[in-house]
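The following explanation is intended to be read with the structure in view.

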Amino acid sequence: MATENFKPSLKIVLENESGFVDNADHQKCSNLGITKQEYEDHMNKVITKDKVKAFTENDVASVYKMYWELMKCNELPKGMDLCVFDFAVYREPKIAQRELQYVLGAKRDTWIGPITIGLLENMVAEKGISATIDTYQDHRKAWIDKLTSATESEKTAFKARVDTITAAAKGMV
């Protein structure tokens, strides 16, 4: 299992996140993929837009660690941990959990527990880690294709991110 893979995975995810983005609503300005509101909620303190603009990897690491832990990435096979983590960051944890369970044929209860982890371990044992990563990431791309709120160019960019994460995940195993 991937007990020590958070830092390398975070580095890869951050390479795929945008820099500072200032939406008209200052609560939604973001940097390194973390919104002002998300950071404030996590840290339980109010910050300025300038603080968001100055975010470093160290500033946002604890927010991302929350995603990592929620997704039980330390219990997932190396490579799959990155894929599941990235999907949770990119969209939201419940969607990433539900879609992992869909791929595994598990009850879609949006909770990664012993049954989901066991089914994932079985898939890896049957197909191998590389094919398991492909199966999950191909499903992510199919899921992106169904997004009605995204333009075709956004879908293309989203799928390029999935391809980048897939290659990085396979490079970890």
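What is the mean pLDDT of the protein chain, and what percentage of its residues reach 70 or more? The model is a predicted one; the mean pLDDT of the chain is 94, and 96% of its residues reach 70 or more. Among the elements of the protein chain, strand E2 (residues 34–35) has the lowest mean pLDDT, 92, whereas H8 has the highest, 98. Where pLDDT is low, predicted coordinates should not be read in detail.

The buried residues of H8 are Thr132, Ile133, Tyr136, Gln137, His139, Arg140, Trp143 and Ile144. Viewed down the axis of H8, these buried residues fall within an arc of 150°, and they therefore line one face of the helix. The elements against which the buried residues of H8 pack are helix H5 (80–90), helix H6 (93–104), helix H7 (114–127) and helix H9 (152–172).

His139 is located in helix H8, and it counts as buried because its relative accessibility is 14%, under the 20% cut-off. Apart from neighbours within four places in sequence, His139 is in contact with Glu99, Tyr102 and Val103.

Thr166 belongs to helix H9 and, at 11% relative accessibility, counts as buried. Not counting residues up to four places away in sequence, Thr166 touches Ile133, Asp134 and Gln137. Lys127 is found in helix H7 and is partly exposed, with a relative accessible area of 42%. With residues up to four places away in sequence again left out, Lys127 touches Thr132 and Thr135. The C-alpha atoms of Lys127 and Asp163 are separated by 20 Å, the two residues being 36 apart along the chain.

Helix H5 is mostly covered, with 11 of its 11 residues buried. Among them are Asp81, Cys83, Phe85, Asp86, Phe87 and Tyr90. The buried residues of H5 pack against helix H1 (6–15) and against H4, H6, H7, H8 and H9.

The aromatic residues come next. A pair of aromatic rings is described by the distance of the centres and the angle of the planes. How many aromatic pairs does the structure hold? There are 9 aromatic pairs in the structure. In one of these, the rings of Trp68 and Phe85 have their centres 5.2 Å apart and their planes at 80°, so the pair is edge-to-face. Trp68 lies in helix H4 (residues 57–70) and Phe85 in helix H5; the pair therefore ties together parts that are 17 residues apart in sequence. Trp68 counts as buried at 0% relative accessibility, and Phe85 is buried with a relative accessible area of 0%.

The rings of Phe87 and Trp143 have their centres 5.3 Å apart, with their planes at 70°, so this pair is edge-to-face. Because Phe87 lies in helix H5 and Trp143 in helix H8, the pair ties together parts that are 56 residues apart in sequence. Phe87 is buried, with a relative accessible area of 1%, and Trp143 counts as buried at 13% relative accessibility.

Phe6, Tyr64, Tyr67, Trp68 and Phe85 form one aromatic cluster. Over the face of Phe6 lies Lys65, at 4.7 Å from the ring centre.

Backbone geometry remains to be considered. Most residues other than glycine have a negative phi. Leu32, although not a glycine, has a positive phi of about 55°. Leu32 is placed in the loop between strand E1 (30–31) and E2, and is buried with a relative accessible area of 17%. Lys72, which is not a glycine, has a positive phi of about 55°. Lys72 is found in the loop between H4 and H5 and, at 25% relative accessibility, counts as partly exposed.

Terms used
Residues numbered from 1 in each chain as written. Predicted model: local features only at pLDDT ≥ 70, side-chain atom pairs only at ≥ 80, totals over all residues. Heavy atoms only, no water. Buried < 20%, exposed > 50% of the residue type's maximum accessible area, 1.4 Å probe, protein only. Helix = DSSP H or I, 4+ residues; strand = E, 2+ residues; numbered from the N terminus. Arc of directions from axis to C-beta. Contact = heavy atoms within 4.5 Å. Phe/Tyr/Trp six-rings, centres within 6.5 Å; stacked < 30°, edge-to-face > 60°. Lys NZ or Arg CZ within 6 Å of the ring centre and 35° of its normal. pLDDT = per-residue confidence, 0-100.
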